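Reader: I have the sequence and the model open side by side. Could you take me for a close look at a single part and what surrounds it?

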Amino acid sequence: QVQLVESGGGLVQPGGSLGLSCAASLSTFRIRAMGWYRQAPGKQRELVAAVTSTGATNYADSVKGRFTISRDNGKVYLQMNSLKPEDTAVYYCNLKSYTREYWGDGTLVTVSS
């Protein structure tokens, strides 16, 4: 069973920064892509950012220029800068292998003064 262990998250003021990390218990060569999704109260889960095994990245328009995703073997990181209240959500780590998809349990990010 593949496990995704997330860390980071918490409470931050508007304009502040926060970092998330996720470690996967899966051999690197079996990982096709890793990324982060988020779900705000009353809203659907949405893609925040993803990075493929070749290093290609994809960002939601709402976070471009503020968030940066990076990957180091079986770990993926999300650096979040210039945070806004609308970034408040549960953030989920996502891993896509060549056969299936895995999810972390989620970590809460709250942007509030």
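Author: Gladly! Ser21 touches Val5, Glu6, Ser7, Trp36, Val76 and Tyr77, not counting residues up to four places away in sequence; contact here means heavy atoms within 4.5 Å. This is a predicted model, where local features need pLDDT of at least 70 and side-chain atom pairs count only at pLDDT 80 or more, while totals for chains, interfaces and linings use all residues. Residues are numbered from 1 along each chain as its sequence is written, and side-chain values use heavy atoms, with hydrogens and water left out.

Ser21 sits in strand β3; strands (E, at least two residues) are DSSP runs, numbered from the N terminus. The side chains of Ser21 and Ser7 are joined by a polar contact of 2.5 Å. Such a contact is a pair of N or O atoms within 3.5 Å; within protein, one must be able to donate a hydrogen and the other to accept it, and residues adjacent in sequence count only if both atoms are side-chain atoms.

In the largest nonpolar core, which has 31 residues, Trp36, Leu78, Met80 and Tyr91 touch the most other members. The elements giving two or more residues to this core are β3 (18–24), β4, β5, β7 (67–72), β8 (75–80), β9 and β11 (107–111). A nonpolar core is a set of buried Ala, Val, Leu, Ile, Met, Phe, Trp, Tyr and Cys residues joined through side-chain atoms within 4.5 Å. Beyond its neighbours within four places in sequence, Met80 is in contact with residues including Leu20, Phe67, Tyr91 and Val109.

Now for strand β4 (residues 31–39): seven of its nine residues are buried, so the strand is largely enclosed by the rest of the structure. Buried means under 20% relative accessible area, exposed over 50%, and partly exposed in between (1.4 Å probe, protein chains only).

β4 runs antiparallel to strand β9 (residues 89–97), joined by eight bridges, and Gly35 stands opposite Asn94 in β9. Two strands pair if DSSP finds at least two bridges between them. With strand β5 (residues 46–52), β4 pairs in the antiparallel sense over six bridges. Six residues lie between the strands in this hairpin, where Gly42 takes a positive phi near 75°.

Met34 has Val51 in β5 as its bridge partner. Val51 is buried, with a relative accessible area of 5%. Among the residues Val51 touches, not counting those up to four places away in sequence, are Ala33, Ile69 and Val76.

Key. Helices (H or I, at least four residues) and strands (E, at least two) are DSSP runs, numbered from the N terminus.
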